[in-house]
Amino acid sequence: MNGSSCVWSSRMPSLILLALVSLPVAAAPVIAPNPPEQRFEDLLYAPPTMIHVWDGGPAVPFVYPQRLISRIDRRFEEDRLHPAALSWFARGRLVTGGQTPLLLLGADSYGRDLFSRLLFGGRISLSLAVLSALCAVVIGALLGGIAGYAGGWVDGLISRSSEFLLVLPTMYVVLVLRAVLPLVLAPGTVFVLLTMIFAALGWPIVARGTRAIIAAERHREYVEAARAVGISPVGLLLRHLLPAASGYLASQMTLLIPAFILAEATLSYVGFGFPPNTATWGTMLHDTANVLLVADVPWLLAPAVAIFLTVLGVNLLVQASGRPPVQLEG
Amino acid sequence: MSRFLVQRLFFCAVLIVIVASSALLLTRLAPGDLTTGLGSQATAREVSDARARFGLDRPIMVQWAAWAARAVRLDFGESFRYQQPVAPLVLQAAANSAILAGAALFVATFAGVGLGIFTGSRRGVMPAIVRAVSVAAVSMPPLLTSLALLFLAARTGWFPVGGMSSSDAGQQGQQWNELAAHLPLPVLALALPIAATFERLQSAAISEQIHQPFVTAAAARGVPPARLVLRHAWPVSVKSVAAIYGVAAGSLLSGSFAVEFVTAWPGLGRLMYDALQARDLYLVAGCAAVGGAVVSLGMLLGDVLLALSDPRVREME
Amino acid sequence: MSIRPRIPLAGVLVSLVLVTAGFVYWRSPTPPQAEDRQASLVRGGQLTAGIRSDPKSFNTLVASDESSAIVTSLIQARLVRINRATGELEPWLAEKWEATADGRQYTVHLRPGVTWSDGMPLTSADVLFTLRAARDMSVQSSLADGLIAGGQPIGASAPDPLTVVLSLAAPSGLGLRVLDALPILPRHKLEASLTRGTLRTTWQTTTTPADIVGAGPFLLSSYAPGQRVVLTRNPRYWRKAPDGSALPYLDRVVLEIIPEQNAGMLRLQAGSVDMLQSEVRPEDYVTVRKAEQQGRLKVIELGVGTDADAFWFCLKPEVKKNDARFAFVQRREFRQALSHAIDREEFARTVYFDEAVPIWGPITPGNKAWFTPNVPRYPPDIAKAKALLSGLGLEDRNGNGVVETAAGVEARFTVITQRGISSYERGTTLLKERAARIGVALDIVPLEAGAMVDRLQTSNYDAIYMRPLLSDLDPAGNMDFWLSSGQAHFWNLAQRTPATEWEREIDTLMTEQASTLDPARRHEFFNRIQQIFAENLPVLYFAAPRLFYAHAPRVVHVVPSVLRPPVLWNADSLGVSGPPRSN
């Protein structure tokens, strides 16, 4: 089971997948057909707008507007008398429906475009995950490096505490930490808070691996040489030892990202994450709590698919690098 | 071996104490307290009575000391929300979680190791398909899988949609039937990523072992292929799975929270969530203590398994 | 070197397919059996109903949460009953009664031969005891406020074991309707506690069920906290069916505690509960209709509800006097501006999916007897709303979208609401959006029910959004809401003297209304009260939902009511035909 040959081609599928997810998210203001907060009053729980390219013969892509028949019955019908052509590059957006809202993935309970919310929500969810992973890696690398280099009681202290934190069930700890803080905070505050909590729970695994690498590297000749020359331990750590672990750190960061996406999703799903009206993948999942409703309105599950695709992409990437995707975060 | 065990047990005990105490202290420090659960009819007198009963009027360290003293005697106090002693409540919920986790672990081990042997020792279409499904399944976290399965259940009506039992406890004879109907969905959701991980690890390990000289030698001796895989290659390869068994058990606890929440399974995670919402101090601490105990048990189990499967570990300690 | 162990793959696959097929067959829903309905003799069986929270207490004098009220209605009986469907007063434990012409004295004749569940006879001594207990200082019962006429507690005396004479200091328009809220308690079980002063803590949820004695159709059998309350048939129940047969028909009633709306809906749809405590949510309407088509549920239209979601600011001067915002919040123009900012038709469309009617006051068209449409209305008018705010000195001077006073005090408020209620979520979202258009910033904070009620009781909030339940259709039964001194006068609880002129006016009119016997005059007074209320807007109302209720088809003799509980109010006459659906 090796991936060392043809690295690029085996990494291709995962990179494509990740690009498919992250590029639209990054370009959300342009790609999203509608503002994420705009409510279409007559389109509550509306199904996705079908894009037609055939009208007797091949035609410019167009949609039929959805007309509301009954709000309580959630019944809509396509207004076949007024086809609306898609308008491109209008109002700063890649594509819109022109006269009628273009709901690529349908609408939620407030009539908001699910696709646009998915894109804008992805910005928050993904940036939270990436930022937390970065922080976790930085903290873990520093602490692990110090432990690996210094040895002795410092090593013992850091190792014991990271071992302890590793054993704890992450979800429970996150739950408790979040629950004891005031539940309703501004989205910005929640973002910072979650970053801190996730980083605090993510650093031990990074530290453990880094420590092992640094401890092994410490005995290498170039380190002896550098010490003989008089380079300070800090400089030694930062400029020589840690870069040796850079491959490991990169892969750790990649592994932490899906874990944090999931953690945010779980927290927001149970109501302890972002405030309900902020669009993030987790809060959008919160709408799926009413299972019987979702059975009838399946497009509400779109954020679950988005999360799955992202996690899959990362795991494929990691696997292509040769490591089995052991992503069992405790 | 015994020294190893004693060391591990000590670590477990420390873990439980720290986890439970921090939970208690954190909940105490949190804004709001359990008396909000008394509701509008409570008089000021009742509120202060409740506060006194739960030690909320004493300084935090005093309360912790009192709780710790009782906890040593296995008296974990009373739950405010349920008006009952904490221990039976938590143990019941833990038992429910254990049923779920145990079934999931069993399924995951059986399916994961079994399929891993299968895909690692053969080439062809079937193993490739299983491998691909495995990679996808590793990326299916319990939260998403349980949502998807619940959606399927609601759509088709094949499974009961959530809960642990449908009717009240009056019909005793129905209990196994009920459990059998309600168990598959959460177990599947929980077991899937773990089974896939086991499969990947086992597969990699066994395909590595199959190419080892000792296996070739055995084949040359005329050992039939099935026995070759199962009796010669596999025992050596199982240690890579055993190595993460402890972590897997721990992740079961984490994953089970999401599953319990989505499928309304009355387990430890759900109880802890409700307790946190209600700021029910002693219940939170009790849940944390049991959670810590479960996690350390899993860790211990993993360590023991590893020691058993790899003599080198035993020698090292 | 590749090895091919001869694992019989085909065999494994075949067995897998067989197992799956078998499972699918086992689990596929069985079509509902045709019910053989026998007209009136459906005897026995168990009814399972979902309630949203644990009962706080089995002591009816103390606990008035909905769950406790449901349990009480099942195990206790009152002197008279208000028929929840017709609104008429029915004889209950009291067989008949006479009133003097001036309405100051009622002679109530108890039904002979009624016994408590433990066999002791129910006499007028029990009625006197209950009245005494309700008024007792050590009990601090919330029922006491209702048993007052003309400012004085209702007096009672018992000339003989089957007669009670009630004396009122002033005539009461409500008459004996107040007694619907008062379950009669057994003197022989509770008098000792009353004398000792411990009645308030008697009959808590930890009491042994066998100790709880009542004259209701059911007996408390067991209570598992967080799980369920089980009640069994009271063989000594005094009431008989019209054809003379014994009531209740049901053998058991199980109240399952299901706190979450989604979980309740799932269990209702699956058939593991027969009914829920609350109405069908608008977003579940399609699901429920589908289930009805499949024969799994029966859906009834209850009509326009009598309670609606409400929004109000805390207007208690003692609490808010140091709050700079209070200067403009207490002005009615501010609240009128907000009322103009809301489009009530949009509200009905978005929050209730068109199944609601706009309202401008606490009385909805569902309360046919007392509703008046002639109240000031506030059509959606952003310009007018902004003008009203300007008149108060509130303008957006710094361009941040929020209006503030000349001194820079922003019109920004925290609105607390109960979490987990989908109509509250939609309502507050809409409210926030609309208020933002006129420059009022509202931050929505969902709280646990207990926490929210706590903040309400201590007046520790800026604003609240919730649906308060009025206990009686007759406004005189809600004195604690209308009177400024009342415990349920939410925006300014329990005032010693009315804080505003219009509250003083309502106090006067309400007292008049309650003590007049002439229905026409009572209506006149109350219409005026509704007008004053809508002019001054202490509380904003938006839309009253049309209620739908769903229950299992096996429940028969259902007499639906728009009041709560919609079906269980008539529990002693309910029956079930056939076993619960097993799925």
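I worked on a predicted model, in which local features need pLDDT of at least 70, side-chain atom pairs count only at pLDDT 80 or more, and totals for chains, interfaces and linings use all residues. Residues are numbered from 1 along each chain as its sequence is written, and chains are lettered from A and ligands numbered from 1 in the order in which they are written.

**Chain C**

I looked up the overall dimensions of chain C. The C-alpha trace of chain C spans about 90 × 85 × 45 Å along its principal axes. I counted 16 helices and 22 strands in chain C (DSSP runs numbered from the N terminus: H or I of at least four residues for helices, E of at least two for strands). Of its 583 residues, 48% count as buried, that is, with 20 or more other C-beta atoms, placed from the backbone, within 10 Å of their own.

**Chain B against chain A**

I found 44 residues of chain B in contact with 40 residues of chain A (C-beta atoms, placed from the backbone, within 7 Å). Helix 11 of chain B gives the largest share of the side that touches chain A, nine residues.

**Hairpin in chain A**

I checked strand 6 (residues 87-90) and strand 7 (residues 93-96) of chain A, which pair in the antiparallel sense over three bridges (pairing needs at least two DSSP bridges). A:A90 stands opposite A:R93. Two residues lie between the strands of this hairpin, and A:R91 in the turn has a positive phi of about 55 degrees.

Technical notes:
Contact = placed C-beta atoms within 7 Å. Buried ≥ 20, exposed ≤ 12 C-beta atoms within 10 Å, placed from the backbone.
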